[in-house]
Amino acid sequence: MTEDNVDTRLRIAVVIGSVRRPRLADPIAAWLERELTAIDWLDLDLIDLAAVSLPMHEMQPGGAAASPIAARLADADGFVFLTPEYNHSFPAPLKNAIDWHFTEWAYKPVAFVGYGASGGIRAVEQLRAVLPELRATTIREAVLIPMAWEHLDAEGRFVPPPGTPQALHTVMRELGTWARALRSVRIADLAGRR
Ligand SMILES: Cc1cc2nc3c(=O)[nH]c(=O)nc-3n(C[C@H](O)[C@H](O)[C@H](O)COP(=O)(O)O)c2cc1C
């Protein structure tokens, strides 16, 4: 994908919110990775919470130095949360990863790719209620994939339903716009703290 008005490369981290085995997140994340690596203005970092140790009993308010992903989150200009919906919310490991960090989210945009029976809409809406507390901003549009398990081919690869790649394109353009704009806000904020 080529976007207009692009003069800054951005580092975008995808955070995979499901840690189950097996999980539908795998084929959807593989599709997402293929789509995002084709976008010419971003460098992708795929953060799989299933591969990260963030013990709940070690979580500190305001962020913990022991996080193995703090530096990767800090380096990111924006995020894409890949989230299923569990009982009308987002997965507990994703909340734990959010809570483990603080400044890493600040003044950065977060976009959502949701999936589940209902497309993950309630998970996404609940994330929208959480993230402003970390000074993160959320992208208005979201990619929502209802009944996502019905969109696998014979090899188990995710085949996006019609309109989904276009929805992702719209979300990523918006994420890029916010990420570029908020870079200068972060610089000003850091200067103000010194
Ligand atoms: C504990 C649990 C609760 C769920 N609750 C919901 C729900 O409230 N709404 C919904 O649309 N799907 C719900 N689902 C279906 C999941 O969104 C769906 O199975 C999804 O593919 C799970 O993603 P994963 O396999 O990557 O973890 C639930 C699944 C689980 C395991």
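Which residues of helix 4 (residues 121-130) are buried? They are Ala-123, Val-124 and Leu-127. Seen down the axis of helix 4, these buried residues fall within an arc of 95°, so they line one face of the helix. The model is predicted. The points below go through its strands, its helices, its loops and the surroundings of its ligand.

**Helix 4 and its cover**

- An α-helix has 3.6 residues a turn, so residues three or four places apart point the same way.
- The cover over the buried residues of helix 4 includes strand 3 and strand 4 (109-116).

**Strand 1 and its two partners**

- Strand 1 covers residues 10-16, and five of its seven residues are buried, which leaves the strand mostly covered.
- One partner of strand 1 is strand 2 (residues 42-48); the two run parallel and are joined by seven bridges.
- Within this pairing, Ile-16 stands opposite Asp-48 of strand 2.
- Another partner of strand 1 is strand 3 (residues 78-84), paired with it in the parallel sense over five bridges.
- Ala-13 stands opposite Phe-79 in strand 3, and the bridge partner of Ile-16 in strand 3 is Leu-82.

**Strand 3, an enclosed strand**

- Seven of the seven residues of strand 3 are buried, so the strand is largely enclosed by the rest of the structure.
- In a regular strand the side chains alternate between the two faces of the sheet.
- Both faces of strand 3 are covered.

- Strand 1, helix 1 (residues 25-37) and strand 2 form a β-α-β unit that is right-handed.
- Strand 3, helix 3 and strand 4 form a β-α-β unit that is right-handed.

**Helix 2**

- Arg-72 lies in helix 2, which spans residues 70-75.
- Arg-72 counts as partly exposed because 17 C-beta neighbours lie inside 10 Å, a count between the limit of 12 or fewer for exposed and that of 20 or more for buried.
- Leaving aside residues up to four places away in sequence, Arg-72 touches Ala-13, Asp-45 and Ile-47.
- Arg-72 and Glu-104 are 32 residues apart along the chain, and their C-alpha atoms are separated by 8.8 Å.
- Asp-75 is also in helix 2. Asp-75 is exposed, with 12 other C-beta atoms within 10 Å.
- From Asp-75 to Leu-10 there are 65 residues in sequence, and the two are 9.8 Å apart in space, C-alpha to C-alpha.

**Backbone details in the loops**

- Most residues other than glycine have a negative phi, and most peptide bonds are trans.
- The peptide bond from Arg-21 to Pro-22 is cis, with omega near -10°. Pro-22 sits in the loop between strand 1 and helix 1.
- Asn-87 is not a glycine, yet it has a positive phi of about 45°. Asn-87 is in the loop between strand 3 and helix 3 (92-100).
- Tyr-107, also not a glycine, has a positive phi of about 55°. Tyr-107 is in the loop between helix 3 and strand 4.
- Is each of these residues buried or exposed, going by its C-beta neighbours inside 10 Å? Asn-87 counts as exposed because it has 8 such neighbours, whereas Tyr-107 counts as buried because it has 21.

**Around the ligand**

- The ligand is surrounded by 16 residues, and the closest are Ser-18, Ala-25, Pro-84, Gly-116 and Ala-117.
- By type, the shell around the ligand divides into eight nonpolar, five polar and three charged residues.

Technical notes:
Residues are numbered from 1 along each chain as its sequence is written. This is a predicted model: local features need pLDDT of at least 70, side-chain atom pairs count only at pLDDT 80 or more; totals for chains, interfaces and linings use all residues. A residue is near a molecule or strand if its C-beta atom, placed from the backbone, lies within 6 Å of it. Ala, Val, Leu, Ile, Met, Phe, Trp, Tyr, Cys and Pro count as nonpolar, Asp, Glu, Lys and Arg as charged, and the others, Gly among them, as polar. Helices (H or I, at least four residues) and strands (E, at least two) are DSSP runs, numbered from the N terminus. Two strands pair if DSSP finds at least two bridges between them. A crossover is right-handed if, with the strands pointing away from the viewer, the path from the first strand over the helix to the second runs clockwise. The arc is that of the directions from the helix axis to the C-beta atoms. Two residues are in contact if their C-beta atoms, placed from the backbone, lie within 7 Å.
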